[in-house]
Amino acid sequence: FINGKKISSNGQVARRADESVPQYRVAYLAVDASATLEIVVHVSNYEHVRGGINRPIKIFLPAELMQKEMKRHLFVYVFLVGILMFVGFYHLVLYLASRNDPENLYLGLYSILSATGILFGSRELYSFYQPVTISWEFQYKLLLSLICLEMLTLLHFFRSIYPQVFSRIINRVFYSVFTLFIVILILSDSSVFLTIRPYAALFSLGLLIYIFYELLNATIKKLPYSRHFLLGFAIILTMFAIDLIAMNVRTESQYLMPIGNCIFMIFQATVLALKFSSSFREVETLSKDLQLSSMELDRKNVQLKEYGDKLEGIVQERTEALNNTLLEVSKAKDEAVQANNAKTDFLANISHELRTPMHGILGFAKLGLEKAAGTSRLKLISYFNQISQSGEKLFQLLNDLLDLSKLEAGHGDYEFQNHSLSR
């Protein structure tokens with residue numbers, strides 16, 4: 001009420017809690033400031049343990065300052081929502097392109113949750129569209145649930161990057177507590193979750209301090225990009241601490257956590273640019289190595305072709321030599337067969353020649369024995385002469401046969417001479 005006239009209302013004021021209707025919005029009012037103003041505010045805050053007005057009343061003189069203030073708030077929050085939404089969907093696309101980098105998924109979800117929190121948590125921005133169908137209690141539960149989910153996704157993000165420094169036991173403690181907060185928000189009424197809200201805020205601060213501590217450990221261990229994350233996260237931690245103080249002392253300052261998130265995204269963009277730059281350098285190095293390997297492979301192919309041609313020539317020469325050897329072997333085989341046949345013929349003939357003198361020796365010896373008593377001396381001498389001649393002929397044939405065997409065994413030397421076959 002200004003000068004006794006009702007000019008605006010936010011929800012329904014009542015003496016009883018069941019009749020009071022809270023509403024979540026900021027009202028900008030233009031009044032005539034030329035006269036003295038009597039301002040009366042009726043408040044029935046049964047939802048908060050402290051009660052009273054949540055934020056101080058701001059008076060702009062002149063009134064044009066109010067318009068500038070409205071436009072400034074609208075521009076800042078729309079800008080922050082746009083930046084965070086863009087970064088969030090960009091990282092989700094990166095995750096869909098490469099499922100091996102889960103940190104892109106968590107950072108994308110964190111950015112989208114932060115932007116959604118601005119849409120439902122900024123009273124100045126919320127007052128422009130005022131979805132009256134959404135109750136104050138539901139909207140407040142949604143806002144606090146988004147903050148809890150932001151904390152969880154932020155922890156997931158850093159744990160996926162540096163799993164070697166984040167403790168699994170401590171992580172599970174934070175997961176369990178924040179999950180419990182979300183369940184209480186969903187199932188309880190406004191008096192309960194407004195009571196636990198300070199504890200959830202302090203626990204969120206503890207989580208941020210824990211993440212900062214582990215990032216400091218990662219920096220000491222000189223893990224990749226840990227310095228960039230540490231600097232960016234220090235801004236988030238500082239902004240959250242300032243907002244926590246402002247929330248408890250109810251100052252007129254605006255919440256700085258969304259601005260801290262945007263600054264952190266700038267550091268993340270720097271890290272992403274460094275990763276891309278490192279990947280490009282690695283690709284260039286691999287390309288050069290691949291080019292050198294290709295050149296070396298071409299050189300090896302040329303050498304291999306030369307070796308192949310040389311080997312083909314050697315194989316051809318060896319094949320020709322083998323064919324010649326086979327021809328010589330075949331020729332030698334034919335000669336061996338011919339020699340064997342000649343030997344067979346020779347043995348057949350020599351057996352006949354050996355039998356003839358042997359028959360003469362045996363026949364004349366037997367004849368001499370039978371007629372020795374009644375035969376004259378001249379007849380006996382004739383018989384013995386035949387026996388002697390047959391023995392010499394047999395001895396000559398045996399010598400020839402032995403000489404032939406020595407020649408076959410390689411124990412003798414051939415002496416080639418011309419000889420007349422007609423003799």
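**Helix packing and aromatic pairs in the predicted model**

Helices H2 and H4 are roughly antiparallel to each other (angles over 145 degrees count as roughly antiparallel). The structure is a predicted model, in which local features need pLDDT of at least 70 and side-chain atom pairs count only at pLDDT 80 or more, while totals for chains, interfaces and linings use all residues. Residues are numbered from 1 along each chain as its sequence is written, and side-chain values use heavy atoms, with hydrogens and water left out.

The axes of H2 (residues 102-121) and H4 (residues 136-161) cross at roughly 160° and come within 8 Å; helices are DSSP runs (H or I, at least four residues), numbered from the N terminus. Contact, defined as heavy atoms within 4.5 Å, involves residues of H2 including Tyr106, Leu113 and Phe120, which meet a set in H4 including Leu142, Leu149 and Phe157. By class, 14 nonpolar, eight polar and two charged residues make up the contact of H2 with H4.

Across the whole structure, 15 aromatic pairs were found, a pair being rings of Phe, Tyr or Trp (its six-membered ring) with centres within 6.5 Å. Phe181 and Phe203 form an edge-to-face pair, at 6.2 Å centre to centre and 85° between the planes (edge-to-face denotes planes over 60 degrees apart). Phe181 belongs to helix H5 (residues 168-187) and Phe203 to helix H6 (residues 190-220), so the pair ties together parts 22 residues apart in sequence. Phe181 counts as buried at 11% relative accessibility (buried means under 20% relative accessible area, with a 1.4 Å probe and protein chains only). One aromatic cluster is formed by Phe157, Phe158, Tyr162, Phe229, Phe233 and Phe264.

Terms used. Axes fitted to C-alpha atoms, helices over the stretch in contact; angles between N-to-C directions. Helix = DSSP H or I, 4+ residues; strand = E, 2+ residues; numbered from the N terminus. Parallel < 35°, antiparallel > 145°, perpendicular 65-115°, else oblique. Nonpolar A, V, L, I, M, F, W, Y, C, P; charged D, E, K, R; others polar. Phe/Tyr/Trp six-rings, centres within 6.5 Å; stacked < 30°, edge-to-face > 60°. Buried < 20%, exposed > 50% of the residue type's maximum accessible area, 1.4 Å probe, protein only.
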